[in-house]
Amino acid sequence: MLDLTGKNAFVTGIANNRSIAWGIAQQLHQAGANLGVNYMPDEKGRYEKKVRQLVDPLNPDLILPCDVQDDKLMEEMFNAIAQKWGKLDILIHCLAFADKEYLMGDYSSVPRDAFSKSLEISAYSLTDFARLAKPLMQEGGSIVTLSYLGGVKVMPNYNVMGVAKSALEMSVRYLASELGPQNIRVNGISAGPIRTLASSAIGGILDMIRMMEEKAPLRRTVTQEEVGNTAAFLCSDLASGITGQIIYVDAGYEIMG
Ligand code: NAD
């Protein structure tokens with residue numbers, strides 16, 4: 001039913017086996033897509049090594065360095081995608097960053113540079129991705145990003161990341177409107193809290209997970225696999241009428257008063 005055979009899917013944001021992007025990559029692979037992934041370049045090449053080992057069983061066509069703050073690397077990544085595949089069908093934007101010290105305490109303590117860095121990496125990068133992907137999606141395509149309830153409602157300690165997610169969610173709508181005539185769909189998944197490298201930087205994340213287990217209609221949190229399944233659905237023809245939406249994969253927590 002959910003068949004992505006022959007589709008070229010590039011997944012960003014895998015850091016390790018807990019990453020939501022890893023859950024998404026596995027589900028896209030299972031549905032038959034050809035995979036490409038990025039790693040975050042660092043001096044010692046630790047991310048590259050980890051990502052290469054992890055994705056090896058999925059036999060990806062492309063493993064490329066990408067830091068979204070580096071214009072040259074971004075351009076090189078999309079050039080490499082164009083060279084290898086000619087066209088891109090699916091682009092997963094699954095990355096974010098905020099300095100740990102501003103993911104706790106008073107929101108108003110965030111300085112201008114930390115605010116800008118967080119918004120640039122976590123929100124602007126989606127717009128940058130869409131602009132660079134557009135020429136490769138002449139036959140249409142699907143772009144999916146990851147958000148969190150803290151972009152819509154005040155969540156403890158989420159602070160500047162909440163503002164970034166708000167910008168990200170609005171970017172989904174503007175991009176969906178702009179790219180829709182080219183049959184490129186743009187959607188977001190608002191995931192419930194999951195223990196990952198990024199979420200461990202958020203003050204009190206374990207309390208949020210406990211709260212989910214107590215209050216969410218399904219009385220549990222969600223898994224990377226569940227988020228991956230929703231991403232695969234959104235990228236498939238089964239979701240051909242859906243664009244500009246933020247889909248909650250949060251065991252129903254968002255509906256609770
Ligand atoms: P993660 O730490 O596994 O992934 C974050 C990724 O962002 C890493 O791969 C990291 O390398 C990448 N990244 C950071 N700065 C970058 C840059 N400058 N250039 C390129 N890549 C960069 O954590 P995760 O929880 O899987 O996060 C993935 C996405 O899911 C994020 O957008 C996050 O906000 C979102 N999300 C997470 C949760 C959760 O509870 N874990 C809930 C909802 C949404």
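**Reading the labels on this model**

User: Why is Glu178 called partly exposed?

Analyst: Glu178 has a relative accessibility of 48%. Buried means under 20% relative accessible area, exposed means over 50%, and partly exposed is what lies in between (1.4 Å probe, protein chains only). The value for Glu178 falls in the middle class, so the label is partly exposed.

User: Good to know. What sort of model is this, and how are its residues numbered?

Analyst: This is a predicted model, in which local features need pLDDT of at least 70 and side-chain atom pairs count only at pLDDT 80 or more, while totals for chains, interfaces and linings use all residues. Residues are numbered from 1 along each chain as its sequence is written, and side-chain values use heavy atoms, with hydrogens and water left out.

User: What makes Lys134 and Glu178 a salt bridge?

Analyst: A salt bridge needs a side-chain nitrogen of Lys or Arg within 4 Å of a carboxyl oxygen of Asp or Glu. The N to O distance for Lys134 and Glu178 is 3.5 Å, so the pair meets the definition. Helices (H or I, at least four residues) and strands (E, at least two) are DSSP runs, numbered from the N terminus. Lys134 is partly exposed too, at 30% relative accessibility.

User: How do you know that Arg131 and Asp128 pair as well?

Analyst: Their closest N and O atoms are 2.2 Å apart, so they qualify under the definition of a salt bridge. Both belong to helix α4 (residues 112–133), and being three residues apart separates them by about one helical turn. Asp128 counts as buried because its relative accessibility is 3%.

User: Why are Arg210 and Asp207 labelled partly exposed?

Analyst: Arg210 has a relative accessible area of 45% and Asp207 is at 46%, so each falls in the middle class. Salt bridges with shared partners also exist elsewhere, joining Lys87, Asp89 and Glu139 into one network. As for Arg210 and Asp207, their side chains meet in a salt bridge at 2.6 Å, N to O. Both lie in helix α6 (residues 205–215). The search of the whole structure finds nine salt bridges.

User: Why are α1 and α7 described as oblique?

Analyst: The axes of helix α1 (residues 20–30) and helix α7 (residues 224–235) come within 7 Å and cross at roughly 55°. Axes are lines fitted to C-alpha atoms, for helices over the stretch in contact, and angles run from 0 to 180 degrees between N-to-C directions. Angles under 35 degrees count as roughly parallel, over 145 as roughly antiparallel, 65 to 115 as roughly perpendicular and the rest as oblique. The angle here belongs to the rest, so α1 and α7 are oblique to each other.

User: And which residues make the contact?

Analyst: From α1 they are Ile20, Gly23, Ile24, Gln27 and Leu28, and from α7 they are Gln224, Glu225, Val227, Gly228, Asn229, Ala231 and Ala232, where contact means heavy atoms within 4.5 Å.

User: What makes α1 largely enclosed?

Analyst: Eight of its eleven residues are buried, so α1 is largely enclosed by the rest of the structure. Those residues are Ile20, Ala21, Trp22, Gly23, Ile24, Ala25, Gln27 and Leu28. Their cover includes β1, β2 (34–39), α2, β4 (90–93), β5 and α7.

User: Is Ser19 buried or exposed?

Analyst: Ser19 is buried, because its relative accessible area is 8%. This residue is in the loop between β1 (8–11) and α1. Leaving aside residues up to four places away in sequence, Ser19 touches Gly13, Ile14, Thr196 and Gln224.

User: Why is Arg219 called exposed?

Analyst: Its relative accessible area is 53%, so Arg219 is classed as exposed. Arg219 lies in the loop between α6 and α7. Its phi is near 55°, a positive value in a residue other than glycine. Most residues other than glycine have a negative phi.
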